[in-house]
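Subject: Structure handover

Hello,

Here is the structure I promised you. Please open it next to this email and follow along.

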Amino acid sequence: MSLEPLGIGMIGYGTVGSGVAALLRDQAELYAARVGRPIELRRVLVRNPAKAAAAGADAALVTNDPDAFFATDMDILVEVAGGKGVIGDYVRRALRDGVHMVTANKSLLAADGPELFALAREHRAAIAFEASCAGGIPCLTALQFGLMANRVQGLYGILNGTCNYILTEMTRSGKTYADALCEAQHKGYAEADPTLDVSGADAAQKLAILASLAFGVKLDEADVPTVGIDTLELEDARFGAELGYDIKLLAIAERTPGSDRVSANVQPCFIHRDQLLAQVTGPMNALSVYGHAVGHTLYYGAGAGRLPTASAVVSDVLNLAAGWYPAAFGAMALTPDRQPDARLVAPADLRSRFYLRLNALDAAGTVAQVTRVLGDRDISISAVLQHEVDANRFVPLVVTTHAAPHGAVEDATARIEALDCVEQKVRLVRIVDMP
Ligand code: NDP
Ligand code: HSE
């Protein structure tokens, strides 16, 4: 081994940063042998060095002075801090100096990815971002390189470990939403601001990145209509279970057959419990990708946490160190800076099956009125469920539909809410049948 060590500067020493430092320290010999040169963590930038020291950082490496940090001789900037403002400025500063970047920061890439990729290219730097989507699962590598021969038709993902953990604990162990969220935070799965997780924003950012790569388009977070798990009612999970469904926060992107239009959505969905994605529990993530040549492929693993995420970050570092990744990044038109804007399916035109739960008066003619509203809009009913109770009370009535346009179902929902025999809002949940 004769080459000079490769210098790393890292911003952040929290859950992910401490894991990256531990891997680089504990596996130094293995990594040096793999890429033919030692990898050296030279400097760490944080706001509060005492916190980093308490997390085990080598005090000699840690600074809170950005100028001292950028004066360090570094070949790769590892950004594991998160956020867009000042962190975005640091990233731009490094890219302008021709420093390669590894990042786990989906919010930055979902908002400014095309600009940052173009800036990197201009300065002969590369950006590796495997950890930004689905933590430790190498699904970006699969999409960009392993599936390059395919036209991707659809992506179906469980992309937020915090939400999947909360839903699993609530539905399988009967925990409250607040207790399950608190546990996810303690285990290091949640974002610094957990509303990003439970509102679905984190999954939407990841889907924007994944769908851009899968479909070869520019698509950002604002193009992804998003509903979080914070609006979910446990009663719906129970009715869904009676009908054979599990509830999951699904990130879905599809290409309309025979057209170049794409749709991307994040929302709590029912999937039949026989589907592979329904078996994904706890903080685990999974991504189903359908390619025109390969058919169905599925990627599964830890989507969050210290070492799983560090695994993706350090693998990116090693791929940069080995030299093939910068060459591929520079030569290929794989990132959204080189792609056209996405042509989106109008939300009202999106076809799917739906679950409706209404509070309906248990009296003669109620079901007839509800089904007439649906029938008038050409929405075909798949199942109806109501438990026996004393007559003349408002009771939950569940209806599932066959595939219908979302706009027609929303219109029918508004009409049903206006019926005298129905009180309160209708709860609407998408039912997803995999291709
Ligand atoms: P933490 O909150 O645990 O750690 C963030 C670190 O970044 C802290 O050391 C913090 O320093 C530092 N930091 C934040 N802002 C600044 C700043 N302006 N200047 C210098 N340092 C700063 O976050 P995580 O490790 O959980 O997440 C980091 C990134 O990885 C995020 O982008 C996240 O989305 C992503 N990610 C996280 C996963 C996880 O499982 N946790 C999984 C996949 C991706 P200080 O404490 O001194 O403020
Ligand atoms: N907060 C994220 C999650 C971390 O729970 O999945 C991974 O991006």
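The protein chain of this predicted model is divided into three parts: domain 1 (6–129 + 309–336), domain 2 (139–303) and domain 3 (348–431). These bounds come from an automatic or database domain assignment.

Some ground rules. Residues are numbered from 1 along each chain as its sequence is written, and chains are lettered from A and ligands numbered from 1 in the order in which they are written. Because the model is predicted, local features need pLDDT of at least 70, side-chain atom pairs count only at pLDDT 80 or more, and totals for chains, interfaces and linings use all residues; side-chain values use heavy atoms, with hydrogens and water left out.

Domains 1 and 2

The C-alpha centres of domain 1 and domain 2 lie 26 Å apart. Their contact (heavy atoms within 4.5 Å) takes 14 residues from domain 1 and 17 residues from domain 2. The size of an interface is often given as the accessible area lost when the parts come together. Here domain 1 and domain 2 bury about 1400 Å² between them. That buried area is what the two parts lose on being put together, with a 1.4 Å probe, summed over both. Carbon and sulfur atoms hold 71% of it. On the domain 1 side, Lys106, Ala110 and Leu334 supply 42% of the area buried against domain 2, more than any other three residues.

Ligand 1

Ligand 1 has 24 residues around it; a residue counts if one of its heavy atoms lies within 4 Å. Tyr13, Asn48, Lys51, Glu191 and Gly305 come nearest. Now the polar contacts (pairs of N or O atoms within 3.5 Å). An oxygen atom of ligand 1 is 2.7 Å from a side-chain N or O atom of glutamate 191. For the side chain of lysine 51, the distance from a ligand 1 oxygen is 2.8 Å. A polar backbone atom of threonine 15 is 3.0 Å from an oxygen of ligand 1. The protein covers 87% of the 900 Å² of accessible area that ligand 1 has on its own (Shrake-Rupley method, 1.4 Å probe). Helix H1 (15–26) and helix H5 (85–96) each supply at least two shell residues. Helices here are DSSP runs (H or I) of at least four residues, numbered from the N terminus.

Ligand 2

How many residues surround ligand 2? There are 13, and the closest are Lys106, Gly161, Thr162, Tyr189 and Asp197. An oxygen atom of ligand 2 is 2.7 Å from a polar backbone atom of glycine 161. A nitrogen atom of ligand 2 is 2.7 Å from a polar backbone atom of tyrosine 189. The side chain of lysine 206 has an N or O atom 2.8 Å from an oxygen of ligand 2. The protein covers 94% of the 260 Å² of accessible area that ligand 2 has on its own. Helix H8 (161–173) and helix H11 (201–215) each supply at least two residues of this shell.

Best wishes

Technical notes:
A polar contact is a pair of N or O atoms within 3.5 Å; within protein, one must be able to donate a hydrogen and the other to accept it, and residues adjacent in sequence count only if both atoms are side-chain atoms.
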